[in-house]
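Please keep the sequence and the coordinates open while reading.

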Amino acid sequence: MRPRTLFKSITPALAAFLFLSNSGTLAAAETAPLATKLVGQWTCEGRENDAALTMTLDYRLRNGWLVGEMVEDNGAAMLDVWLDSGTAPLALRRLLSYDATVEMQLVEESADHLKLEGAMRFILGNAGAVREEIRFNGNDRFEALWEAEVDNEWVAILSRTCTRSG
């Protein structure tokens with residue numbers, strides 16, 4: 001086969017391959033991480049240790065970050081910021097409250113489930129490992145479970161069920 005004929009026969013296949021490869025890459029890049037389901041307003045009922053807890057959440061996308069404000073019924077407020085990790089969108093999370101900071105990293109993500117792990121640091125110097133699992137039930141409801149590592153065991157410290165309110 002002459003080079004020109006070979007080139008003519010390979011070109012359509014190469015073009016199709018490049019199109020499919022680029023389409024797959026673009027589709028993957030355009031697919032939003034599950035964390036973006038949090039955008040909007042939520043009302044949550046839950047338990048922190050043994051106490052009942054109500055909180056409101058308000059999440060929005062801002063300059064590629066997911067920014068959330070959490071307010072508990074006792075007036076305590078937290079800022080929740082999700083950032084890109086450099087290799088994955090919205091895979092790093094930082095929470096700031098009046099008495100602690102939490103730094104977490106996304107370790108699992110599926111169609112309706114997120115799992116984050118990291119560390120909580122209190123202003124008084126205490127620190128410890130924490131993790132949170134978020135399970136979505138459609139677009140308007142999710143359940144979240146926070147656990148802390150205590151004596152090499154994971155102990156539930158906060159559970160909540162949240163419903164979209166706006």
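## E133 and its surroundings

Leaving aside residues up to four places away in sequence, E133 touches H113, L114, K115, E143, A144 and L145, where a contact means heavy atoms within 4.5 Å. E133 itself is part of strand β8; helices (H or I, at least four residues) and strands (E, at least two) are DSSP runs, numbered from the N terminus. Its side chain makes polar contacts with the side chains of H113 at 2.8 Å and R135 at 3.5 Å. A polar contact is a pair of N or O atoms within 3.5 Å; within protein, one must be able to donate a hydrogen and the other to accept it, and residues adjacent in sequence count only if both atoms are side-chain atoms.

## Basis of the values

This is a predicted model, in which local features need pLDDT of at least 70 and side-chain atom pairs count only at pLDDT 80 or more, while totals for chains, interfaces and linings use all residues. Residues are numbered from 1 along each chain as its sequence is written, and side-chain values use heavy atoms, with hydrogens and water left out.

## Fold and surface

The 10 strands close into a barrel with antiparallel pairing, in the order β1-β2-β3-β4-β5-β6-β7-β8-β9-β10. On average, neighbouring strands of this sheet are turned by 25° against each other, direction ignored; the axes are lines fitted to C-alpha atoms, for helices over the stretch in contact, and angles run from 0 to 180 degrees between N-to-C directions. Strands count as paired if DSSP finds at least two bridges between them.

Of the 166 residues, 31% count as buried, that is, under 20% relative accessible area, with exposed meaning over 50% and partly exposed in between (1.4 Å probe, protein chains only). The accessible surface of the chain is about 10300 Å², and carbon and sulfur atoms hold 56% of that area. Areas come from the Shrake-Rupley method with a 1.4 Å probe; for residues, only the protein chains shown count as cover. Among contacts in the chain with a separation of 6 or more, 29% are between residues 24 or more positions apart.

Strand β3 (residues 65-72) and strand β4 (residues 77-83) run antiparallel and are joined by six bridges. G68 has D80 in β4 as its bridge partner, and V71 stands opposite A77 in β4. The two strands form a hairpin with four residues between them, and G75 in the turn has a positive phi of about 95°.

β4 also pairs with β5 in the antiparallel sense, over six bridges. Here W82 stands opposite R93 in β5. Five of the seven residues of β4 are buried, leaving the strand mostly covered.

## Salt bridges

Nine salt bridges are found in a search of the whole structure; each is a side-chain nitrogen of Lys or Arg within 4 Å of a carboxyl oxygen of Asp or Glu. In one of them, E132 pairs with R93, and the closest N and O atoms are 2.3 Å apart. E132 lies in strand β8 (residues 127-136) and R93 in strand β5 (residues 92-97), so this pair ties together parts that are 39 residues apart in sequence. E132 has 0% relative accessibility and therefore counts as buried, and R93, also at 0%, counts as buried.

E132 also forms a salt bridge with R160, at 3.3 Å from N to O. This pair links distant parts of the chain, with E132 in strand β8 and R160 in strand β10 (residues 153-164), 28 residues apart. Both E132 and R160 are buried. Through shared partners, salt bridges join D80, R93, E132 and R160 into one network. Another salt bridge is that of K115 and E117, at 3.9 Å from N to O. K115 counts as buried at 13% relative accessibility, whereas E117 is partly exposed at 33%.

## V150 in strand β9

V150 is located in strand β9 (residues 141-150). Its relative accessibility is 42%, so V150 counts as partly exposed. V150 and A129 are 21 residues apart in sequence, with their C-alpha atoms 8.4 Å apart in space.
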